[in-house]
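Grab a pencil and have a go at these exercises on a protein with its structure in view. Try each task yourself before you read the solution.

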Amino acid sequence: MAFVSDLDQITRAAAGDPSAVSWLVDRYSPGVLGLATRMLGDRMEAEDVTQETFLRAWKALPGWEPRAKFSTWLHRVALNLCYDILRKRRESLPGELPEMTDPELTPPERLLQTERVKAIETAIAALPERQAAALTLCALQGHSQVEAAEIMETSEEALESLLARARRSLRATLAERSVA
């Protein structure tokens with residue numbers, strides 16, 4: 001099997017090759033969807049963000065210049081779309097958080113896990129947007145600090161500061177609720 005680079009696929013996708021488009025979607029949509037789901041806490045909105053991210057990518061591909069990794073750029077587009085939705089939400093009442101439980105747990109364990117997950121999601125949602133994004137990208141999505149800094153268009157030092165403040169706030173909030 002021959003090595004296929006992102007740049008090859010981007011070039012082919014920009015020229016209208018549907019197999020290259022599928023390859024890029026298959027490769028990057030799980031990460032984009034995961035980021036949007038974590039940031040928004042709503043699977044349907046996250047799917048909409050993922051779709052819009054790729055639509056914007058396809059429109060931009062003919063003029064795209066590889067100044068950053070394609071994945072970094074895609075995550076940045078998704079993060080900006082998430083910020084837009086979060087800002088709109090602040091103007092309306094908050095909705096219900098989705099349940100995220102492990103089906104292998106017993107009912108009492110599931111209840112405890114659900115309460116913990118809700119407390120953590122609530123605490124993350126209460127963080128300032130940039131702190132929540134930094135925490136989501138690094139701790140929940142597994143991006144390196146270098147990648148997260150690129151996605152957030154900030155320096156590594158600024159990202160480390162955001163992460164430190166987010167972790168402190170999260171720790172304090174969860175300690176108050178006795179969840180930590």
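This is a predicted model: local features need pLDDT of at least 70, side-chain atom pairs count only at pLDDT 80 or more; totals for chains, interfaces and linings use all residues.

Residues are numbered from 1 along each chain as its sequence is written, and side-chain values use heavy atoms, with hydrogens and water left out.

**Exercise 1. Describe how domain 1 and domain 2 touch each other.**

Solution. 
- Step 1: find the bounds. Domain 1 covers 1–101 and domain 2 covers 102–179; these bounds come from an automatic or database domain assignment.
- Step 2: take the centres over C-alpha atoms. The centres of the two domains lie 21 Å apart.
- Step 3: collect the residues in contact (heavy atoms within 4.5 Å). Domain 1 puts in 20 residues and domain 2 puts in 23 residues.
- Step 4: get the area. The size of an interface is often given as the accessible area lost when the parts come together. Here the buried area is about 1900 Å², with 56% of it from carbon and sulfur atoms. That area is what two parts lose on being put together, summed over both, with a 1.4 Å probe.

**Exercise 2. Which salt bridges and helices can you find where domain 1 meets domain 2?**

Solution. 
- Step 1: apply the salt bridge rule (a side-chain nitrogen of Lys or Arg within 4 Å of a carboxyl oxygen of Asp or Glu). Three salt bridges run between domain 1 and domain 2.
- Step 2: look at the helices, which are DSSP runs of H or I with at least four residues, numbered from the N terminus. On the side of domain 1 that touches domain 2, helix H2 (18–40) and helix H4 (70–90) each supply at least two residues.
- Step 3: pick out the main supplier. H4 gives the largest share of that side, eight residues.
- Step 4: sort that side of domain 1 by class. You get nine nonpolar, five polar and six charged residues. Here Ala, Val, Leu, Ile, Met, Phe, Trp, Tyr, Cys and Pro count as nonpolar, Asp, Glu, Lys and Arg as charged, and the others, Gly among them, as polar.

**Exercise 3. Work out where the partners of the Arg89 and Glu45 salt bridge sit.**

Solution. 
- Step 1: check the distance. The closest N and O atoms of Arg89 and Glu45 are 2.2 Å apart.
- Step 2: ask how open they are, where buried means under 20% relative accessible area, exposed over 50%, and partly exposed in between (1.4 Å probe, protein chains only). Arg89 is partly exposed at 29%, and Glu45 is partly exposed at 24%.

**Exercise 4. Is each partner of the Glu153 and Arg76 salt bridge buried or exposed?**

Solution. 
- Step 1: check the distance. The side chains of Glu153 and Arg76 meet at 3.6 Å, N to O.
- Step 2: Glu153 sits in the loop between helix H7 (145–151) and helix H8 (156–176), whereas Arg76 is in helix H4, 77 residues apart.
- Step 3: compare with the cut-offs. Glu153 is exposed at 62%, but Arg76 is buried at 12%.
- Step 4: look for shared partners. Salt bridges join Asp84, Arg87 and Glu129 into one network.
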